[in-house]
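User: I would like to learn how to read a model like this one, feature by feature. Could you take me through it?

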Amino acid sequence: MMVLREKKQFIVFCLMYTFLIFWTSYSIELVIKTPSLGLASTSFFMALGVGIFLSLLYAWLIVRRNSKTIATLKCIGWTNKDINSLISGFILFTTFMGFFIIVEVLFHYAAFFVYINPTSPTVPLVNLLPVFVTFTIFLFFQILAILLANRKILKVRPIIALKRVGV
Amino acid sequence: MPVDKDTMIEAIDVNKEYRRSGAIIRALADINLTIKSGEFILIQGPTGCGKSTLLNVLSGIDLPDSGKIIFDGENIARAQEARLSKLRRQKIGFVFQDFNLIPTLTAIENISALLWPTVLREKEIENRAIAALRDVNLLERKDHYPVEMSGGEKQRCGLARAIIHRPRVILADEPTGNLDPESEKQVMDLLKQINKDMETTIIVVTHRGSLASYANKIVKMDKGAIINIK
């Protein structure tokens with residue numbers, strides 16, 4: 001619920017994940033079809049690099065933007081574990097939504113071409129296998145992002161929730 | 001007057017220092033203070049006298065450099081963060097000067113948030129939140145976001161959040177600092193009502209002398225030390 005109310009941040013990152021999952025899946029598809037070290041594999045590794053950077057950036061941004069909320073939650077009795085669960089939920093939900101959007105788009109793409117030309121065999125834009133492989137890779141990135149977020153959460157002191165720190 | 005007069009919080013020889021730009025500032029100097037259950041206490045003093053630091057130390061939000069804080073029979077001066085979180089969730093309610101409501105949650109969700117990590121069912125949490133909103137006369141605002149509420153309403157929402165779990169102690173750091181006189185009276189009357197009806201110990205940090213009539217004990221501080229208790 002909380003992640004959906006952070007509309008701007010959620011939509012931006014969800015769409016970026018969608019694009020990245022497509023990019024990585026498409027690169028994997030190309031690598032499988034043309035197994036040579038070339039443009040396809042370069043594209044694949046670039047997508048992975050951007051993916052890991054974006055995952056860590058998202059985790060960092062969530063904790064940074066919500067540091068006062070995190071401190072307040074600590075003040076009112078939330079443990080670090082409770083807050084970690086909340087932030088992990090933020091991160092994983094966004095990734096899952098990105099995955100579902102790309103699967104939806106691929107299904108609709110295939111369905112559209114079957115609809116306009118039912119007799120010819122439909123070639124999917126990307127097969128589902130590379131999409132699932134990509135999703136597994138991205139889940140691994142999210143674990144790294146969650147670990148980073150957990151470290152940042154530990155550093156947020158409840159005293160930040162109070163306006164005047166110290167004397 | 002509250003019936004129970006057992007010791008709720010006891011500060012024994014508490015000291016706290018800060019380092020600021022190379023200089024050492026003594027925020028708390030040999031503080032000894034006993035707070036009985038059911039008391040309404042005002043901590044007063046000029047800016048920078050250490051009153052907020054004392055409040056933070058009493059609640060386990062900040063740790064003293066030396067001394068003991070006995071909270072409901074338990075020394076929390078060296079307690080682990082997880083233990084302190086549990087203590088705050090069970091026994092302490094916080095009221096902040098700038099409300100600290102989560103902007104993306106409605107009033108009822110802000111109040112319920114305190115109980116989300118507990119084993120209580122959603123319906124039970126909602127019922128408690130509604131009861132807390134009714135206690136602070138804010139039920140009609142339950143689905144409003146903080147941005148849609150006035151300062152006084154936000155603070156009453158914060159107060160509802162502080163009482164949803166029926167704490168033993170409510171700690172308020174300048175709770176009326178951002179309020180107009182009318183809202184200030186509403187909030188202070190509510191704190192007094194909670195103190196009377198629930199026998200909750202109330203500790204309010206303020207620099208406003210006009211609030212003295214609400215308290216049954218006033219602690220005056222200056223330069224990190226308690227200079228007077230009456």
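User: What covers the buried residues of α3(A)?

Analyst: Keep in mind that this is a predicted model. In α3(A), the buried residues are A:F44, A:A47, A:G51, A:S55, A:Y58, A:A59, A:I62 and A:V63. Their cover includes α2 (7–33), α4 (67–75), α5 (80–116) and α6 (128–155) of chain A.

User: How many residues does helix α3 of chain A have, and what should they span?

Analyst: Helix α3 covers residues 39–65 of chain A, which is 27 residues, and at 1.5 Å a residue they should span 39 Å. The end C-alpha atoms of α3(A) are 38 Å apart, which agrees.

User: Which elements make up the rest of chain A?

Analyst: Chain A has six helices and zero strands, so its pattern along the sequence reads α-α-α-α-α-α. For overall shape, look at the radius of gyration: chain A has 20 Å, whereas a compact globule of 167 residues would be near 15 Å. Along the principal axes, the C-alpha atoms of chain A fill a box of roughly 75 × 35 × 20 Å. Of the 167 residues in chain A, 34% are buried. Among its contacts between residues at least 6 apart in sequence, 81% join residues at least 24 apart.

User: Now the sheets, please. What is the order of the open sheet of four strands in chain B?

Analyst: The order is β2-β1-β4-β5, with antiparallel pairing. β2 and β5 (74–75) of chain B are at the edges with a single partner strand each, so one side of each has no neighbour in the sheet. Inside the sheet, five bridges join β1 (residues 7–20) to β4 of chain B, and these two run antiparallel. B:N15, for instance, stands opposite B:S66 in β4(B). Strand β4 (residues 66–71) of chain B is also joined to β5(B), by two bridges, again antiparallel. There, B:I70 has B:N75 as its bridge partner, and B:F71 stands opposite B:E74.

User: Which loop holds B:K223, and what is its phi?

Analyst: B:K223 sits in the loop between β9 (217–222) and β10 of chain B. B:K223 has a positive phi of about 50°, although it is not a glycine. It counts as partly exposed because it has 15 C-beta neighbours inside 10 Å.

User: What is the order of the open sheet of six strands in chain B?

Analyst: This one runs β6-β7-β8-β3-β9-β10, with mixed pairing. Here β6 and β10 (225–229) of chain B stand at the edges; each has a single partner strand, so one side of each is left without a neighbour in the sheet. From one strand to the next, the twist averages 20°. As an example of parallel pairing, five bridges join β7 (residues 169–173) to β8 (residues 201–206) of chain B. The bridge partner of B:D173 in β8(B) is B:V205.

User: Is B:F99 buried or exposed?

Analyst: B:F99 counts as buried because it has 22 C-beta neighbours inside 10 Å, where the cut-off is 20 or more. B:F99 is in the loop between β6 (92–95) and α3 (107–112) of chain B. Beyond its neighbours within four places in sequence, B:F99 is in contact with B:K154, B:Q155 and B:G158. B:F99 and B:E153 are 54 residues apart in sequence, yet 9.8 Å apart in space, C-alpha to C-alpha.

User: Last, how many residues does each chain give to the contact between chains A and B?

Analyst: Interface size is often given as the accessible area lost when the parts come together. Counting residues instead, the contact takes 26 from chain B and 21 from chain A. On the side of chain B that touches chain A, the elements giving two or more residues are β2 (23–36), α1 (51–58) and α2 (81–91) of chain B. The largest share of that side, five residues, comes from α2(B). By type, the residues on that side of chain B are ten nonpolar, nine polar and seven charged.

Technical notes
Residues numbered from 1 in each chain as written. Chains lettered and ligands numbered in written order. Predicted model: local features only at pLDDT ≥ 70, side-chain atom pairs only at ≥ 80, totals over all residues. Contact = placed C-beta atoms within 7 Å. Nonpolar A, V, L, I, M, F, W, Y, C, P; charged D, E, K, R; others polar. Buried ≥ 20, exposed ≤ 12 C-beta atoms within 10 Å, placed from the backbone. Pairing = 2+ DSSP bridges. Rg over C-alpha atoms; globule rule 2.2 N^0.38 Å. Expected span 1.5 Å × (residues − 1). Axes fitted to C-alpha atoms, helices over the stretch in contact; angles between N-to-C directions.
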